[in-house]
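I'd like to walk you through one model today, so let me put it on the screen.

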Amino acid sequence: MKQFILDTNVLLYDPQAIFKFQDNAIVIPITVIEEIDRFKKDMNETGRNARTISRILDTLREKGSLAEGVSLAGGGTLRVELCEDHALNDMPRDLRDDKGDNRILAVAVATKRRFAEDPVIFVTKDTNLRIKADAIGLVAEDFESDKVDIQELYAGARNLEVDPDAIDRFYGQGWLEAPWGLLPNEYATLVDTQNPSHTALCRFDAPQGKAVPVRKIPREGIWSIHARNREQQFALDALMDDNVKLVSLVGKAGTGKTLLAIAAGLHKVAEENVYNRLLVSRPVFPLGKDLGFLPGDIEEKLSPWMQPIFDNVELLISGHEAEKRHSKGYKELIAMGLLDIEPLTYIRGRSIPNQYLIVDEAQNLTPHEIKTIVTRAGEGTKIVLTGDPYQIDNPYVDSSSNGLSYLVERMKQERISAHVTLTKGERSELAELAANLL
């Protein structure tokens, strides 16, 4: 039996983590319980996770003493270990300070001595703490239950070399048999083996089993927005397809993820009347203490965090209305009930029917949070998630463990889901240079 010592951040990242170690022993240092208690009053996802794990542990007390160990549903055991003074004194001199991290490490070292015959593994999402653990001879691992290999992340599109007559048949009949093992709604660029400039853009229609053309964008564009590269063409095709209920767009800053999503949403709501409302949201990490220092009511406090969305909407509206020779700001669309912009905190617990929901900066969400959001979708709702897995502000996730990467991999086989990776920056020459070099 293995002995897994869990750090605080593992339980704050996933309160169900204690059930994911099969039939092994889970050890939770008492210091972890104390640290969790400090997060219980927070009104964000971390606070909710803290309250959840506290309730789970309290329920497990009914099975017996946590100090002696209780059995878990998966066949393993869980116990809460105290940090004895002598355990801390036995630590290397540099780690004897009475700090939370040092006390947790002391429990791990004491467990290793007590269970010399069992593999003892310290599990933490804190990189520096893994380095400390390794320095004192502990086996340290990250919590990887929901991790994906970011280097192998599903791209959503590929290039395929075909015979010249295949492209001619594709243009002639409007479809092509697709024996290439494409996933549902995967995009492809068909390239003539004899003439690389002879190409065609297509999408795999899984129900028909055929490669079909990417939809043509009207001459006036989608709210004055035109695709500037083939990746953006793929993205607009997915965003404008009402049969695709979940779209994920991944790419670095300046590739047009948010702008394309909002343009398509405004078109579907204000022009085609397919959805009742466009709801745009993004996570706000400093929502707790930092907002308290900002002046004004809640709307004024949130304004700095939601400003990137306001800027995109205003840009789209100004270009679209200029063509129609009359002016209408985003506040008027909000007053008309066609547009709503709010922080992600307010979406939890709601049911969202017949709306076009865009979640920006989704790379800052955990897999659990992504599940919470997607399960809010009511009948007729389309959800679009955008983000850059390499630009993360949440200390509890990284490029491989964030919810956006997790969703891309888990949903790639589904017929109502589509994914596009955008790589070419289109914001400006300077922005593209900075994204690549800095």
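This is a predicted model: local features need pLDDT of at least 70, side-chain atom pairs count only at pLDDT 80 or more; totals for chains, interfaces and linings use all residues.

Residues are numbered from 1 along each chain as its sequence is written, and side-chain values use heavy atoms, with hydrogens and water left out.

Now the overall picture. The protein chain has 15 helices and 17 strands. Those are DSSP runs numbered from the N terminus: H or I with at least four residues for helices, E with at least two for strands. The C-alpha trace spans about 80 × 60 × 45 Å along its principal axes. Of the 438 residues, 50% count as buried. Buried here means under 20% relative accessible area, exposed means over 50%, and partly exposed is in between, with a 1.4 Å probe and protein chains only.

There is one record to mention. UniProt, in an unreviewed entry, places the feature "domain: PIN" at residues 2-131. Its positions are given in the numbering used here, feature names are shortened, and annotations may be inferred rather than shown by experiment. In the model, residues 2-131 are 44% helix and 15% strand, and the end C-alpha atoms of that span lie 21 Å apart.

Within those numbers sits alanine 73, in the loop between β3 (70-71) and β4 (77-81). Alanine 73 counts as exposed, because its relative accessibility is 75%.

On to the open space. How much space lies in the largest pocket? About 610 Å³. Of the 25 residues that line the largest pocket, Gly254, Gly256, Leu259, Asn312 and Arg427 are the closest to its centre. Grid points are joined across faces, edges and corners, and a volume is the space filled by probe spheres set on the points.

Helices α9 (257-271) and α11 (298-324) each supply at least two residues of that pocket lining, and α9 gives the most, with four. By class, the lining has six nonpolar, ten polar and nine charged residues. Nonpolar is Ala, Val, Leu, Ile, Met, Phe, Trp, Tyr, Cys and Pro; charged is Asp, Glu, Lys and Arg; the others, Gly among them, are polar.

What about enclosed space? The count comes to one cavity of 30 Å³ or more, and the largest cavity has a volume of about 40 Å³. Among the residues lining the largest cavity are Tyr154, Pro184, Ser248 and Lys412.

Next, some single residues. Glutamate 186 is found in the loop between β8 (176-177) and β9 (187-192). Is glutamate 186 buried or exposed? It counts as buried, because its relative accessibility is 3%. The side chain of glutamate 186 makes a polar contact of 2.9 Å with that of arginine 158. A polar contact is a pair of N or O atoms within 3.5 Å; within protein, one must be able to donate a hydrogen and the other to accept it, and residues adjacent in sequence count only if both atoms are side-chain atoms.

Leucine 279, in strand β13, is buried at 0% relative accessibility. Leucine 279 and isoleucine 383 are 104 residues apart in sequence, yet 9.5 Å apart C-alpha to C-alpha.

Last, backbone angles. Most residues other than glycine have a negative phi. Asparagine 273, in the loop between α9 and β13 (277-282), has a positive phi near 55° and is exposed at 59%. Asparagine 354, in the loop between β14 (339-343) and β15 (355-359), has a positive phi near 50° and is partly exposed at 21%.

That's my tour; over to you.

Methods: On a 1 Å grid over the protein atoms alone, a cavity is a set of points where a 1.4 Å probe fits but cannot get out, and a pocket is an open set with protein on both sides within 12 Å along at least five of seven lines; lining residues have an atom within 4 Å of a point.
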